[in-house]
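The report that follows takes up the surroundings of two ligands and a few selected residues and elements. Please read it alongside the sequence and the coordinates.

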Amino acid sequence: MKILVTGGLGYIGSHTVVALQNEGYSVVIIDNLSNSSKSVLSGIENITGIKPQFEELDLRDKHKLNDFFQRHQDIDGVVHFAASKAVGESAKKPLFYYENNVSTLINLLQELKKLNHQNIIFSSSCTVYGEAEAMPITEHAPIKPAQSPYGNTKQIGEEILKDTCQVNSNLRAIALRYFNPIGAHSSSYIGELPQGEPQNLVPYITQTAIGLREQLSVFGNDYPTEDGTCIRDYIHVVDVAKAHVVALSRSLKTKQTSNFEIFNIGTGKGSSVFEVINSFENISNQKLNYRIVERRQGDVISAYADTTKAEEILGWSSELSLNDAMRDAWRWEQKIRTK
Ligand code: NAD
Ligand code: UFG
C-alpha cells in the first residue's frame, strides 16, 4: 500500500516513515524542508534499506499539490505531520501559523476527496486539554481555550476533520493527541534537529551536556507537585511512530466505529522536570549544569495521558522507558556533534 507522509523528513515524521517501511508500506514523502533536511532520507535508508520517494513541495502551494495528486492517484492513506510547531513563535506570527497549519490541512483534504481511498492520520497535541481538571487525562476531558495560536491550529484542525467527516462518508480520519515525544531512533541515524536555541526540555538538556548551552534553566520549582516542578508524559518517539502504523491500519481496514476518531498517545506516566534530569544524569553518568529560574508563562502544572482507549481499541501501548528515551536522545546528540 502506498502512504503519503507530509512532513516526513521532520522529527516524528521520519521515525514514522521507518515504522511504515518496516511494516511493508511504500512511502512517498512531501516536505518543504522548512524545519528539516534532505540528509534525513539517508538516515531512513540506513535503517530500513529503502530510500523513500521524496518530493520537495510546500503544502500551501495548491497548484503543485494538485499536480502531485494527479501523479499519485494510487495513494491509500495519508499521515499528515507537516506544520510549524514553535509555541512562542506562533504568538509572534499568528497568520503564518494559521496559514501553514490550517490552510495546508484544507488544501490536503480538498485533494484527498478526489481519491478512491481517503484515510488520514492527523498530528494533534495534548495542548488541546490545557490545564486539565483530572489526571490522567482521558479523551473525554474538555477542550480548553488555546493558550497560543499554535495550540489553536491543533483545535481547529480537529474541528475541520470532524466537520468534513460528517459530510463525506468516504473520509476516515484519526487524530492522535501526542503528549511529549522525546528521544531518537536507537541506531542514531535519525533524531530531533531543533533549529537555534531549543524550546523543549530534552534537547536543552542534551545540548547543555554536550557544551552547546551553558546551563539548563528549570522553569519554576514552586508548583504544587511532589518536587515542585511540572509533570509531563514523556514518550519515546519510536513508540509514537508505531502508534501511527496501527492507527493507519485501523483506518485502511475500515475498522473505525466513527469516521473521525481521537486517541491519546502517551505512556500514562507523569515525570517531573527533576525526574527527567535525574534520568539523564543516570544514563550519561554525568552531572547536568542547571539552575532554577522563574516559571515559564503558559506552562500547565501537570499533563499525563490516560491511554486506556489506545490500548483497548488500537491495541497499542508504549514499550520504551524514560531512561531508554534519554539514552537515545543523548546518543543522538553525541553523534550529530561529532560529525
Ligand atoms: P518537525 O518540525 O520536526 O516536522 C514537521 C515537518 O513538516 C518538517 O520537516 C517541516 O519542514 C515540514 N513542513 C512544515 N511546513 C510545511 C509545509 N507548508 N509544506 C511541507 N512541509 C512542511 O515537527 P515534529 O516534531 O515532527 O512534529 C510533527 C507534527 O506533530 C506537527 O504537526 C506538530 O505540530 C505535531 N506535534 C508535535 C509535538 C512535539 O512535541 N514534537 C507534540 C504534539 C504535536
Ligand atoms: N522546561 C524547563 N526548561 C527548559 C525547557 C522546558 O524547565 O529549558 C520545562 C517546562 O517548564 C515544562 C517541561 O520542561 O515543565 C516540558 O517542557 P517542553 O517545552 O519540553 O514541553 P511542553 O509540555 O511545554 O510543550 C510540549 C510541546 C508543545 C505543545 C505542548 C502541549 O513542545 O508543542 O507540549 O502541552 F504545545
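## Glutamate 56 and its contacts

Once its neighbours within four places in sequence are set aside, glutamate 56 is in contact with Asp31, Asn32, Leu33 and Lys38, where contact means heavy atoms within 4.5 Å. Glutamate 56 belongs to strand 3, residues 53-56; helices (H or I, at least four residues) and strands (E, at least two) are DSSP runs numbered from the N terminus. Glutamate 56 counts as exposed because its relative accessibility is 51%, the classes being buried under 20% relative accessible area, exposed over 50% and partly exposed in between, with a 1.4 Å probe and protein chains only. Between glutamate 56 and glycine 191 there are 135 residues in sequence and 20 Å in space, C-alpha to C-alpha.

## Basis of the model

This is a predicted model, in which local features need pLDDT of at least 70 and side-chain atom pairs count only at pLDDT 80 or more, while totals for chains, interfaces and linings use all residues. Residues are numbered from 1 along each chain as its sequence is written, chains are lettered from A and ligands numbered from 1 in the order in which they are written, and side-chain values use heavy atoms, with hydrogens and water left out.

Ligand 1 has 27 residues around it, of which Asp31, Asn35, Lys85, Asn100 and Tyr150 come nearest; a residue is near a molecule or strand if one of its heavy atoms lies within 4 Å of it. By class, this shell holds 12 nonpolar, 11 polar and 4 charged residues, with Ala, Val, Leu, Ile, Met, Phe, Trp, Tyr, Cys and Pro counted as nonpolar, Asp, Glu, Lys and Arg as charged, and the others, Gly among them, as polar.

A polar side-chain atom of asparagine 100 lies 2.7 Å from a nitrogen atom of ligand 1, and a polar side-chain atom of aspartate 58 is 3.0 Å from a nitrogen atom of the ligand. Asparagine 32 has a polar backbone atom 3.1 Å from a nitrogen atom of ligand 1. Of the 830 Å² of accessible area that ligand 1 has on its own, the protein covers 95%, as computed by the Shrake-Rupley method with a 1.4 Å probe. Two or more residues of the shell come from each of helix 1 (11-22), helix 5 (94-112), strand 5 (118-125) and helix 6 (149-167), and strand 5 gives the most, with 3 residues.

## Surroundings of ligand 2

Ligand 2 is surrounded by 21 residues, the closest being Asn200, Ser217, Arg232, Arg296 and Asp299, and its shell has 11 nonpolar, 6 polar and 4 charged residues. A backbone N or O atom of serine 217 lies 2.7 Å from a nitrogen atom of ligand 2, whereas a backbone N or O atom of phenylalanine 219 lies 2.9 Å from an oxygen atom of the ligand. The protein covers 88% of the 680 Å² of accessible area that ligand 2 has on its own. Helix 7 and strand 8 (216-219) are the elements that give two or more residues to this shell, and the largest share, 4 residues, comes from strand 8.

## Glutamine 207 in helix 7

Glutamine 207 is found in helix 7, residues 201-210, and counts as buried because its relative accessibility is 2%. Apart from neighbours within four places in sequence, glutamine 207 is in contact with Pro194, Gly196, Pro198, Leu212, Arg213, Glu333 and Arg337.

Terms used: A polar contact is a pair of N or O atoms within 3.5 Å; within protein, one must be able to donate a hydrogen and the other to accept it, and residues adjacent in sequence count only if both atoms are side-chain atoms.
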